[in-house]
2 protein chains.
Amino acid sequence: MAKEEQKAFVEHITPRDENFSQWYTDVVTQADLMDYTPVRGCMALKPYGYRIWELIQEDLDRRFKETGHENVAMPMLIPESLLQKEADHVEGFAPEVAWVTHGGNEKLQERLAVRPTSEVIFCTMFAKWVQSWRDLPLKYNQWCSVMRWEKSTRPFLRTSEFWWQEGHTIHATEQEAHEEALQMLEVYREFCEETLSIPVFSGRKTEKEKFAGARTTYSVEAMMQDGKALQAGTSHDFGTNFSEPFEIQFLDKDGQLKYCYETSWGVSTRLIGAIIMTHGDERGLRLPPKVAPYQAVIVPIAAHKEGVFEKAEEIYVSLKKAGVRVRIDDRDYVSPGWKFNEWELKGVPLRIEIGPRDIKNGVAMCARRDTNEKFTIKLDGIVESVKESLNDIQDNLYKIADEFKVSKTKDVFNMQELEEQVNVGYARAMWCGSRECEDLIKEKTSATTRNIPFDAEAIGDKCVCCGKDADMVIYFAKAY
Amino acid sequence: MAKEEQKAFVEHITPRDENFSQWYTDVVTQADLMDYTPVRGCMALKPYGYRIWELIQEDLDRRFKETGHENVAMPMLIPESLLQKEADHVEGFAPEVAWVTHGGNEKLQERLAVRPTSEVIFCTMFAKWVQSWRDLPLKYNQWCSVMRWEKSTRPFLRTSEFWWQEGHTIHATEQEAHEEALQMLEVYREFCEETLSIPVFSGRKTEKEKFAGARTTYSVEAMMQDGKALQAGTSHDFGTNFSEPFEIQFLDKDGQLKYCYETSWGVSTRLIGAIIMTHGDERGLRLPPKVAPYQAVIVPIAAHKEGVFEKAEEIYVSLKKAGVRVRIDDRDYVSPGWKFNEWELKGVPLRIEIGPRDIKNGVAMCARRDTNEKFTIKLDGIVESVKESLNDIQDNLYKIADEFKVSKTKDVFNMQELEEQVNVGYARAMWCGSRECEDLIKEKTSATTRNIPFDAEAIGDKCVCCGKDADMVIYFAKAY
């Protein structure tokens, strides 16, 4: 491939340090993950982007089922009166609801919300479905899209419609619901770290930042390469906040009628944004093998030469049989160099080149997307080598991201340090717990509280903002 | 279990021959597949019903991917102006559209339809995505729910919201699109017959019955136990009906700008209705093993006796390991007889009872849901025996349904015969092809044309209605 051709391909992507935001948009569109649509704020997920979502779904769905959850489907439209039953909830969501007012030619008697989230419809049905303690717990999940009428949107990070899962569970005791909320937070943490190679901060949200209607909200927070936070998943303990207005009651063993305790928890297509901004580089996407649509791509070199295509096909078949998601790029109208660039842009973890000389030597040339390292592997035993490389890449992407996260997280002890630190990453600080300090910090630094880590050792005893007594460790960061 | 208890359980279900429609509703609700919601015409799919849908999805999705299709996700809202671009299409769907008119507190400049189907949004995006013949074909599919504001609804058969898949493809040539439409019809036929054990009539719809905007619509039609037809899946050849108004053009090899040829095809949660009405009996559901949430249920007998629960657990583990979807019913507050009735109602293909005497004899007692046959199997080799039984049940349900279908399909040669036959099943007849005869038959018999079979041999040469020359064989039936 000519040097200038290569340049032309890569210059589609704005350098990260020049304009991170533009770099993100370039990668999203050039890697063919999604496209804008004529519907304001709504995106179309193209096959490559949707396939990542499918792989996320498969992995998470397995984890949900292993922890005893079942999938259901609820209506996408919700009567306005239901939304109004829980005061905080309606206040939080009403401003961003898309309203259905007409069915065919007839005006509806009551407006219907396109679901922004489904607590109230789950509650309505739970109230029908639960009578006795024997019916509990109900641990349900739904995969769907939801709609929140956003003023300004960015692909995957904030769109009016997005795809997600929402778990909704009800329990006989406060303790059990509390454990459920924490268990699902832990499922999210493990998923982010093991499957997406994204290290996270796991903890409790402040009163200000909790979900509209929740008693306690927990979150996993990731750090993007510009040092900003991205809330990757949330898990809510509702107590009886919803079960009381919705009258979700059960007859307990002791013959008493009691309210159920409830949780909900969710992650969304936002995670695709997190993958891009955690792992991407100047050449484009870098995908963790576990969610890569293609884990390896085979590029035949001098494919017209005898035996090359056959050997590529042979490797393809053996990898596929071994469960590797592999693609052979047999296009004859673009050069190998063009293909290299394109698959790098699309983040394929491993490239395998096979040409006449390689075949003669019984090897293939490989290139790792995470390190750009090139190396040869023996055709004999290629399946095992490829699998090993993929495992290495999965681990190495995590290691890189974790080192970055650690290096960009600093303890701060006064407002000046805090302000400086949130320009580059996360600030860990002591906080007195007052809403005033939280608001003031946001006003002065535009950083928000991310979460309060579990069992964190105090790093001081005075609030970073007001200087009064403080016993709570908390993370601050600017956020997406 | 006491006789009266058994009676009480089963009398929830209205006998089929007394009132088929009520029998259906009883089975749907008693088997815990779905529930009604406060949203008019919209249902909630409960775990047991949704699991059937998941198994349908898994099987179909594999077939779609094997035939080269990729999944995508499109917006659920569609601007009114897009819907109006194809005249027949808007005329067909506008009366049943749910309209979003407000986002938050602001009135929208243009109304947005909650998608009743997604042709127009796929077309809009295809027009952006296709430039050259090299980009073709694009073979996409989407799993989602759609909304059609129905006046009267029935669970699974006709609901305002339903879950489905919609395939949308574009091709460079008319021939290729034609072949795609027929290929997907064949995928549906195979799926219905192999996976759902439902035999179908495969053929072409008349001009009157085709999809709004299609050039040709093909369908697979199933026969329910009341002799009525249920359209189980459709596949549409659009020609350039949509690509012209939406300007989906590509530069062909010959340097000419040409319109793409398009198809779409879909099946929905309606299939769950088809399963119920094809296989159900007086005791409730009978599920084909391939889509049964539980293929076998183990009921311990005298579970308090030493070794019983352990043996049940042992069988459970070995079946689960072998990939059988199995459940052990260890409830201690209902009798075995109660459990038998409940799992029969829920259509579990195979029941395995294990008690102290069975264990001593090295056997388990089995009951097949399809035949009610009871038999013992040796614990030694139980996994193979169970798998064999499940295969038998899958095949036998097909055989029963196919015999019924054959016995309820008759050739008719005049209007009186036709009218009689459509009261009990399908009528096969010669038809002159005129809309007048089609309308008249519907008016007189309330039967509609189902489809025109491929390569059918003529059974006469005169139209069953007008007596004029006819060379087309066609099926008539009353339909859901």
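Predicted model: local features only at pLDDT ≥ 70, side-chain atom pairs only at ≥ 80, totals over all residues.
Two copies of a chain are related by a rotation about an axis and a shift along it.

**The contact between the chains**

Chain A contributes 43 residues to the contact, and chain B likewise contributes 43 residues. On the side of chain A that touches chain B, strand S5 (residues 98-103) of chain A supplies the largest share, six residues. By class, this side of chain A holds 27 nonpolar, nine polar and seven charged residues. Of the interface residues of chain A, 100% are also interface residues in chain B, so the copies meet through the same surface.

How do S5(A) and strand S5 of chain B pair, and over how many bridges? The two strands run in the antiparallel sense and are joined over five bridges. Within this pairing, A:Trp99 stands opposite B:His102 in S5(B).

Two packed helices are described by the angle between their axes and the distance between the axes. The table gives these values for two pairs.

| Helix pair | Axes come within | Crossing angle |
|---|---|---|
| H9(A) (residues 308-321) and H12(A) (residues 382-407) | 10 Å | roughly 60° |
| H3(A) (residues 47-66) and H7(A) (residues 174-195) | 11 Å | roughly 145° |

The crossing in which H9(A) passes H12(A) is right-handed. From H9(A), the residues A:Ile315, A:Ser318 and A:Leu319 meet A:Ile382, A:Val383 and A:Val386 of H12(A). The residues of this contact comprise five nonpolar, one polar and no charged.

For H3(A) and H7(A), the crossing is right-handed. On the H3(A) side the contact is made by A:Asp59, A:Leu60 and A:Arg63, and on the H7(A) side by A:Val187, A:Phe191 and A:Thr195. Which classes of residue form the contact of H3(A) with H7(A)? This contact has three nonpolar residues, one polar residue and two charged residues.

Notes:
Residues numbered from 1 in each chain as written. Chains lettered and ligands numbered in written order. Axes fitted to C-alpha atoms, helices over the stretch in contact; angles between N-to-C directions. Helix = DSSP H or I, 4+ residues; strand = E, 2+ residues; numbered from the N terminus. Left-handed = near helix turned anticlockwise from the far one by under 90°. Contact = placed C-beta atoms within 7 Å. Nonpolar A, V, L, I, M, F, W, Y, C, P; charged D, E, K, R; others polar. Pairing = 2+ DSSP bridges.
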